[in-house]
Amino acid sequence: MHYTSYSEARAHFKDLLDDAGRGRVVTVQREHRSAAVVDQERLRALLASSVPARAEVVAEAGGWSIFIPGLPLAADGATFGVAVDEMVDALREYAEDWQDRLLDAPNHAGNWGLVQLVGLSTDEQLRDWLVGPGR
């Protein structure tokens, strides 16, 4: 479904959301740009499978450290679970910073998928993405 204007999309908003929820391609034209409307969980699942966590976990000094190579993120905790929770918090802070000021920075612009994944995920989903389900 393609809506050629914001007004047309607004007039068919329920249909637009229903189609997106069913997995149909839905776009809305506004001036010279087109935006896609997608089901949140479908997008989150796609991002989770296409944006690798690459988290590295290290036991050190009686605790645990987690970092993601290539990102300015690291977390520590006395236990593995605490370290993972701290990394989830660090991911949320990074996503907020990216939205506020880093999205146009050349060395951060490529992290759009990660930021979308963080924004669309619950803490539990982020934990599973970082270290695998049930860990």
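The following exercises, with worked solutions, concern a predicted model.

Residues are numbered from 1 along each chain as its sequence is written. Local features need pLDDT of at least 70 and side-chain atom pairs pLDDT 80 or more, while totals for chains, interfaces and linings use all residues, and side-chain values rest on heavy atoms, with hydrogens and water left out.

**Exercise 1. The aromatic pair**

Task: Determine how the rings of W64 and F80 are arranged.

Solution: 
- Step 1. Rings of Phe, Tyr and Trp (its six-membered ring) pair if their centres lie within 6.5 Å; planes under 30 degrees apart are stacked, over 60 edge-to-face, and the rest tilted. This rule gives 1 aromatic pair.
- Step 2. The ring centres of W64 and F80 are 5.4 Å apart and the planes meet at 80°, so the pair is edge-to-face.
- Step 3. W64 belongs to strand β5 (residues 63–67) and F80 to helix α4 (residues 80–102), so the pair links distant parts of the chain, 16 residues apart. Helices (H or I, at least four residues) and strands (E, at least two) are DSSP runs, numbered from the N terminus.
- Step 4. Relative accessible area is 31% for W64 and 21% for F80. Both residues are partly exposed, the class between buried (under 20%) and exposed (over 50%), with a 1.4 Å probe and protein chains only.

**Exercise 2. Two packed helices**

Task: Classify the packing of α4 and helix α6 (residues 123–131).

Solution: 
- Step 1. The angle is about 110° and the axes are 10 Å apart. Axes are lines fitted to C-alpha atoms, for helices over the stretch in contact, and angles run from 0 to 180 degrees between N-to-C directions.
- Step 2. α4 and α6 are therefore roughly perpendicular, the class from 65 to 115 degrees.
- Step 3. Residues in contact (heavy atoms within 4.5 Å) include F80 and V84 of α4 and L126 and W129 of α6.

Technical notes. Parallel < 35°, antiparallel > 145°, perpendicular 65-115°, else oblique.
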